[in-house]
Amino acid sequence: MKAKTSYTVNRSTRFLLLIVTILLIHTGFAQPAVGRIHDQVRGVSFTLFANGWMVQDGNPSNAGQTVRDPSGLMHLMIPAVNPQLFAYFLSWDNRLIEVHRINGARVIGFYDGPPPLGQPQIPVVQMNFRNDWGVETPFGFKPVPVEVMDENKPYGKMMVSNEAQAQQCFQRSMTPSGSIDREKFALCMVENMAGTKELEIFNCIKSGSTPEERTLCLFGKLGGAKERQIAAQLSQCYQQFGTDYSKYPLCMAGSAFDGDLAKLVGCMQQQAQTGSVSIYGTALCYGQSKLNLNPETQIILQCAVASNGNGYAFAGCAGGQLMAKELDKCLTNGIGGANGCFGNNNTIIKGLKDIGNLLRADFGPNNTAVQLWNQAVNTLSFGPNNDAVKTIQNIGNELGRTPNNIGKAIKKVVPKIKFSW
């Protein structure tokens, strides 16, 4: 069970290594013993000291340092010759566990010391849904957990484009026969219209083939630098062992213990046991405040999941109802001009201007919200602009929840989370 590596060394180096080994063993013995590890398969036992040092009973030259299991699924990792193939652990219930890359885990003994402390606490998450809270998609209504929703900020960001971008995508999507590849055209438009974060969410869904792959990808994209790091590490283990979490301690044997990584492992394992792995469940288990799950993220996420990575369906969902009509117009009437998409009769800009007229009629031309709305619409008529899109979103959150004509009009144009207003 102890790591034994062969080196080519001279006599003085061997002597130095011997001295170091004696000192380490003496350090271990200087600590109080806390219990014994019994390997019942090999018929040997080891004394475990308070500092984590372990020494084989009757063979003091076979000694080594235990460390915390990086995965958090076990308590201590025991030194082994090849921990990437064959590793040994003390479990949280004092069992000695052998983990093999092919055969998985088996119990080979026990520890007779006190129960270990410090086991990562994984909260049991139960998400609550309402039938009238969620996102309307081309494939039906997709509820969002009540725990992550903000009823006061239901509106997301519009995806907008212009004639030049549409024409460029149109040309790039032309097939050798002269027809347009519909999906290629849509994916090109999504790349132009979506922001960096929105595009990352869409690509996580598009590239992921399992709920676990999608969840880990989204976790890394929606979190900070720490979340990106541990998501990448856990993704490597998933690629090796899938949902066989008994082997994850083997995968992480060369890493240092990290409480956040251990917590993510526990969250993923817990969801896998229920058969329902999702970014929402992972966020609520790991810590919702560490992930960016704002309304626009929820809309983009649900649209990406509902469309299953289909660019045309995604654009028509995440971009708002009028975006779907405008994209259809591109394929039926062409680009620009009087009848083509993103031309003189741009459906989206026309819808936004109609809302501006309703705002002016209700609040007057000098009202600040009216002026900001009209300025934003005028800016968007010349092409995409992040500040203008944010203005539309903010005013939508303020006025779009009303049951009057203004509220109804905004709901038809700006992407939103549905609530029971």
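Strand 2 (44–49) and strand 3 (residues 53–56) pair in the antiparallel sense over 3 bridges. Strands here are DSSP runs of E with at least two residues, helices are runs of H or I with at least four, and both are numbered from the N terminus; two strands count as paired if DSSP finds at least two bridges between them. Across this pairing, leucine 48 stands opposite methionine 54 in strand 3. Before going on, note that this is a predicted model, in which local features need pLDDT of at least 70, side-chain atom pairs count only at pLDDT 80 or more, and totals for chains, interfaces and linings use all residues. Residues are numbered from 1 along each chain as its sequence is written, and side-chain values use heavy atoms, with hydrogens and water left out.

Zoom out from that pair and you see an open sheet of 9 strands, ordered 4-3-2-1-9-8-7-6-5, with antiparallel pairing. Its edges are strand 4 (59–65) and strand 5 (67–68), each of which pairs on one side only.

Now pick out arginine 36, which lies in strand 1. At 39% relative accessibility, arginine 36 is partly exposed; buried means under 20% relative accessible area, exposed means over 50%, and partly exposed is in between (1.4 Å probe, protein chains only). Leaving out residues up to four places away in sequence, arginine 36 touches Phe46, Thr47, Asp57, Phe110, Tyr111 and Asp112, where contact means heavy atoms within 4.5 Å. With aspartate 57, the side chain of arginine 36 makes a polar contact of 3.2 Å. That term covers a pair of N or O atoms within 3.5 Å; within protein, one must be able to donate a hydrogen and the other to accept it, and residues adjacent in sequence count only if both atoms are side-chain atoms. The C-alpha atoms of arginine 36 and glycine 113 are 6.4 Å apart, although 77 residues separate the two along the chain.

Charged pairs come next. The whole structure has 14 salt bridges, each a side-chain nitrogen of Lys or Arg within 4 Å of a carboxyl oxygen of Asp or Glu. One of them joins arginine 42 to glutamate 98, with the closest N and O atoms 3.1 Å apart. This pair links distant parts of the chain, 56 residues apart: arginine 42 sits in the loop between strand 1 (33–39) and strand 2, and glutamate 98 in strand 8 (residues 95–100). Glutamate 98 counts as buried, at 4% relative accessibility, while arginine 42 is partly exposed at 39%. Glutamate 98 also meets arginine 106 in a salt bridge of 2.7 Å, N to O, and arginine 106 is partly exposed at 43%.

Elsewhere, lysine 290 and aspartate 260 form a salt bridge of 3.6 Å, N to O. Lysine 290 is in the loop between helix 9 (279–286) and helix 10 (295–307) and aspartate 260 is in helix 8 (residues 259–274), so this pair ties together parts that are 30 residues apart in sequence.

Follow the chain into helix 10. Its 13 residues should span 18 Å at 1.5 Å a residue, and its end C-alpha atoms are 18 Å apart, which agrees; the expected span is 1.5 Å times one less than the number of residues. Helix 10 is largely enclosed by the rest of the structure, because 12 of its 13 residues are buried. Among them are Ile299, Ile300, Leu301, Cys303 and Ala304.

Just after helix 10, asparagine 308 takes a positive phi of about 55°. Most residues other than glycine have a negative phi. Asparagine 308 lies in the loop between helix 10 and helix 11 (311–318) and is exposed, with a relative accessible area of 52%. Phenylalanine 342 also has a positive phi, near 55°, but is buried at 5% relative accessibility; its loop runs between helix 12 (321–333) and helix 13 (347–363).

Finally, the cores. A nonpolar core is a set of buried Ala, Val, Leu, Ile, Met, Phe, Trp, Tyr and Cys residues joined through side-chain atoms within 4.5 Å. The largest one has 98 residues, of which Phe314, Leu352, Trp373 and Ile392 touch the most other members. Beyond its neighbours within four places in sequence, phenylalanine 314 is in contact with residues including Met159, Val190, Phe202, Ile300, Cys303 and Ala304. A second, separate core of 12 residues includes Leu48, Ala80, Tyr88 and Leu96.
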